[in-house]
Amino acid sequence: MLFRILFVVVLNFFFTSFYHTISQNFNEFSSYWENPQIHRINSEPPSSNFYHYDNYDDALNNNPEKSPNLIMLNGMWKFNWVIKPSDRPKDFYIPDFDDSDWREIDIPANWELKGFGVPIYTDVEYPFPSNPPYIHHNYNPVGSYRKKIVIAEAWVDQKVFIHLGGVRSAYYLWINGEFVGYSQDSKTPTEFNITDFVHYSDTNTIALEVYRWSDGSYLEGQDYWKISGIERDVYLYSTPQTYIKDIFAKASLDSTYHYGLFDLDIKISGSDMNFSVNFELRENSNKRSVYTYSSENKDFPKEDELIKSISNIKIQSIKKWTAETPNLYSLIVFLTDDRNKIIDVVSTKVGFRKIEIKDRQICINGTPITIRGVNRHEHDMINGRVITKESMIRDIQLMKQFNINVARCSHYPNRPEWYELCDLYGMYVIDEANIEAHGSDPYNPEKTLANKPEWKHAFMERTKAMVERDKNHPCIITWSLGNETGYGQNFKDTYNWIKERDPSRPAQCEDAGKTGLSDIYCPMYKRIEFIEEFANSNDSRPLILCEYAHAMGNSVGNLQDYWNAIDKYPNLQGGFIWDWVDQTFLKYDEEGNYYWAYGGDMGESGVVNDSNFCANGLVQADRSLNQHIWEVKKVYQPIKFETIDLASGVINIFNNYDFTNLKNFRFEWEIMADGKILFNGKFPILEIQPHESRMVFLTLPEIEPEPGTEYFLTIKAFTRNDKNLIPENHLLAWEQFKLPSENPKVQKDFSNLPCIQSQENDSLIIISSRKFKIFFEKQSGEMASYNFEGNELLQHGPKLNLWRPPTDNDLGNGMPGRCAIWKNIAGRSVIQKIDLIQSDTNLQIKTLFLDSISNSKFKINYTIFMDGSIGIKTYFNTKDTTLPEIPRIRITITVTC
């Protein structure tokens with residue numbers, strides 16, 4: 001009896017403790033996603049992106065599909081979606097949970113684009129009430145994912161990790177029913193060591209619980225669609241017990257920029273055996289080895305983790321990396337045992353280049369560069385944030401073909417493949433931390449999250465994750481701390497950490513303004529007068545506009561004005577157009593016609609959207625071209641032409657490339673008149689060094705100009721070779737000049753034409769000849785009829801029009817309301833005077849109108865010639881300087897068909 005009582009007491013205690021533990025765990029879990037000081041639980045420290053191989057050749061070729069140490073988990077997963085956390089299946093992670101009635105979803109994918117919930121587009125506002133760090137519990141969708149997989153026996157003596165490349169916004173992970181960890185930050189990967197959780201030669205259950213919003217969402221308030229889910233690659237990988245955990249390759253140049261300087265930090269984990277550390281550098285172009293290293297001492301300390309640093313390596317005859325000359329080297333790092341057998345081998349690409357700020361300019365390899373930039377979101381017209389490699393290559397190709405040389409990752413770290421492709425094909429990159437809190441009143445010093453100590457951990461973790469993952473990429477020339485979050489101590493701390501961790505690159509912060517910590521002054525949307533004032537100031541930094549020339553609607557029109565200033569002042573080094581691609585989705589109407597969907601078109605969400613403000617790209621969502629990208633190509637062209645003496649065929653050609661000789665281009669000229677090419681020719685090969693110019697003498701033909709004809713000389717520069725995604729014979733630059741060959745138009749001979757007759761009555765002025773008759777109404781002052789050879793040509797006569805259809809930018813700045821006074825000026829104006837003046841060759845009708853509302857006067861004067869042709873001149877005048885701008889001044893005429 002006593003035994004039974006003791007047994008019941010112990011059992012009761014066990015179940016009470018167990019229930020308390022489970023309850024405590026779930027309460028703890030729920031507190032994670034509303035606590036900015038909890039960023040990741042049980043995850044591995046962030047590191048650079050590479051794959052593990054078991055032989056040298058596979059690592060050199062770096063094809064992860066051939067690695068036996070990798071299992072891709074992309075594909076179909078079981079999926080359940082609920083609208084709020086309390087409705088989620090709380091025990092779904094148990095291996096024998098019945099998910100037979102669950103639907104499936106492809107991974108990676110944004111679940112709203114697969115029929116679960118609605119995509120929401122907002123610019124500044126959060127799609128939930130702003131109350132940091134809390135999230136509305138009645139509407140915070142949760143996606144539950146399950147995947148079963150068998151892990152082969154070959155991995156039994158290995159360490160096993162799971163890699164989640166990007167999950168939005170926060171998630172919990174279980175393996176075989178065991179809680180593994182938690183993470184936020186949707187734009188950098190998280191890895192977990194799951195060695196102690198997996199089974200070999202048996203089924204493993206992987207379960208993720210993903211929350212659409214969390215406290216992390218307060219730092220992910222970018223001007224973009226708010227969509228959720230597992231949006232980047234998921235895979236398992238295995239390593240030996242002793243393996244390469246991280247590498248930091250520091251490839252720079254000496255002070256003369258002639259020799260390569262190379263330092264390498266190798267982080268090794270699980271050092272439980274003797275091993276040797278080795279690496280080799282090979283030229284990417286021909287795989288020629290330029291340097292090899294092997295450690296002499298194989299008996300390293302028995303530590304869980306150590307860092308092997310190799311420094312002060314000098315390499316002669318180095319091929320330097322720039323965006324114009326993207327020379328890469330393959331770095332292969334491997335561990336060997338005492339029998340010289342490879343234990344672990346990884347590889348990455350490196351480029352030798354040196355970044356400095358000198359004389360108020362950012363310099364690459366000692367040369368000041370020009371930033372012909374654009375901001376780029378990751379966007380696919382069907383799959384949202386799930387981007388293909390082919391799409392990334394297409395973006396780089398179009399950018400290079402349209403003279404864009406720098407991309408700002410707005411406003412988060414992109415997929416790892418993006419940087420690899422920019423390394424390979426040559427594109428400078430501004431890498432930006434996944435930090436934007438635009439909806440949290442960021443410019444109020446008392447409210448900005450950038451100044452709140454409880455948010456420091458989140459700021460720091462997001463910054464570290466970016467830098468550690470991307471630190472080996474030569475294409476990254478600047479680290480950006482974030483975007484539109486305000487400024488405060490948290491950004492000071494992330495700046496200082498970056499400068500200590502990676503002093504080889506500048507760090508910039510738009511919100512730092514003129515007084516905060518930022519190596520580059522990088523404001524957005526500043527007027528030309530402002531940047532010219534900065535250029536003449538004593539600030540020692542370069543100015544590079546992180547955003548300007550908002551490419552929405554019919555725009556980018558004053559780009560040349562910006563670049564006149566940028567070309568004038570060396571410390572104005574360029575800027576980044578907002579932005580690259582329209583963030584619209586491909587949809588079809590009921591008749592099967594496609595259209596581009598923007599905010600509000602993707603379903604009712606109950607959240608106020610920002611309409612078509614997401615459609616402001618240089619290219620459309622399918623990468624077809626918007627018209628204003630041609631303006632960008634022309635203004636951004638690095639080859640400029642200037643006339644010296646056109647009559648003698650003398651022009652000056654400027655090479656504004658930073659590292660490219662113009663011998664790589666083919667030049668042609670042509671002379672046109674009335675849209676037809678009359679003459680053309682070619683230049684000899686031009687040897688013009690970067691940042692230099694040369695006068696060129698063209699042998700142009702003599703032209704006998706036709707009366708009234710204009711002649712134009714066009715100079716064109718084409719590529720000579722197919723290189724770095726730009727094809728051979730691609731037109732990259734051109735200029736056109738009006739030639740001084742002109743013959744005045746012959747005046748018409750009216751001697752054989754009948755005279756013009758006029759007559760008046762109380763209501764009309766009638767002008768007539770043998771072929772035409774024209775009526776003017778005295779009461780309205782308008783031309784009422786024009787009959788030529790028996791045909792009536794007019795529906796409505798000429799009227800003053802000071803209006804035009806508003807563009808997207810007009811709607812944004814309130815033009816339709818502000819300028820409404822000009823919209824119907826012709827309809828309300830009153831005729832003041834109408835006069836008839838006749839001469840031997842023509843007749844004139846002069847009208848004067850008054851608009852009493854704007855206190856403006858205007859004239860429409862007609863000159864009617866003996867052949868029936870009419871010349872019209874308009875004069876407009878207002879003395880009220882407080883009136884708004886006039887959208888457009890024109891005359892409108894409605895003619896019959």
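In this predicted model, helix α6 covers residues 489-501, 13 residues in total. At 1.5 Å a residue α6 should span 18 Å, and its end C-alpha atoms are 18 Å apart, which agrees.

**Helix α6**
- N490, F491, D493, T494, Y495, W497 and I498 are buried in α6.
- The buried residues of α6 pack against α5 (456-470), β29 (476-480) and β30 (507-508).

**Nonpolar cores**
- The largest nonpolar core holds 107 residues. Those with the most contacts inside it are W418, Y548, L559, L572, I577, W580 and L618.
- A second, separate core has 30 residues, including I149, F192, L208 and V210.
- Leaving aside neighbours within four places in sequence, I577 touches G373, V374, N375, Y548, A549, A551, L559, L618, V632 and Y636.

**Aromatic pairs**
- The whole structure contains 50 aromatic pairs.
- F79 and Y145 form a tilted pair, 4.8 Å centre to centre with 55° between the planes. F79 is in strand β3 and Y145 in strand β6, 66 residues apart. Both F79 and Y145 are buried.
- Y172 and Y211 pair edge-to-face, at 5.7 Å and 75°. Y172 lies in strand β9 and Y211 in strand β12, so the pair ties together parts that are 39 residues apart in sequence. Both Y172 and Y211 are buried.
- Ring pairs link Y172 and Y211 into a cluster that also includes Y32, W33, F92 and W174.

**Charges over rings**
- K250 places its charged end over the ring of F248, 4.8 Å from the ring centre.
- The charged end of K633 sits over the ring of F402, 5.3 Å from its centre.

Conventions. Residues are numbered from 1 along each chain as its sequence is written. This is a predicted model: local features need pLDDT of at least 70, side-chain atom pairs count only at pLDDT 80 or more; totals for chains, interfaces and linings use all residues. Side-chain values use heavy atoms; hydrogens and water are left out. Helices (H or I, at least four residues) and strands (E, at least two) are DSSP runs, numbered from the N terminus. The expected span of a helix is 1.5 Å times one less than its number of residues. Buried means under 20% relative accessible area, exposed over 50%, partly exposed in between (1.4 Å probe, protein chains only). Contact means heavy atoms within 4.5 Å. A nonpolar core is a set of buried Ala, Val, Leu, Ile, Met, Phe, Trp, Tyr and Cys residues joined through side-chain atoms within 4.5 Å. Rings of Phe, Tyr and Trp (its six-membered ring) pair if their centres lie within 6.5 Å; planes under 30 degrees apart count as stacked, over 60 as edge-to-face and the rest as tilted. A charge sits over a ring if NZ of Lys or CZ of Arg is within 6 Å of the ring centre and within 35 degrees of the ring normal.
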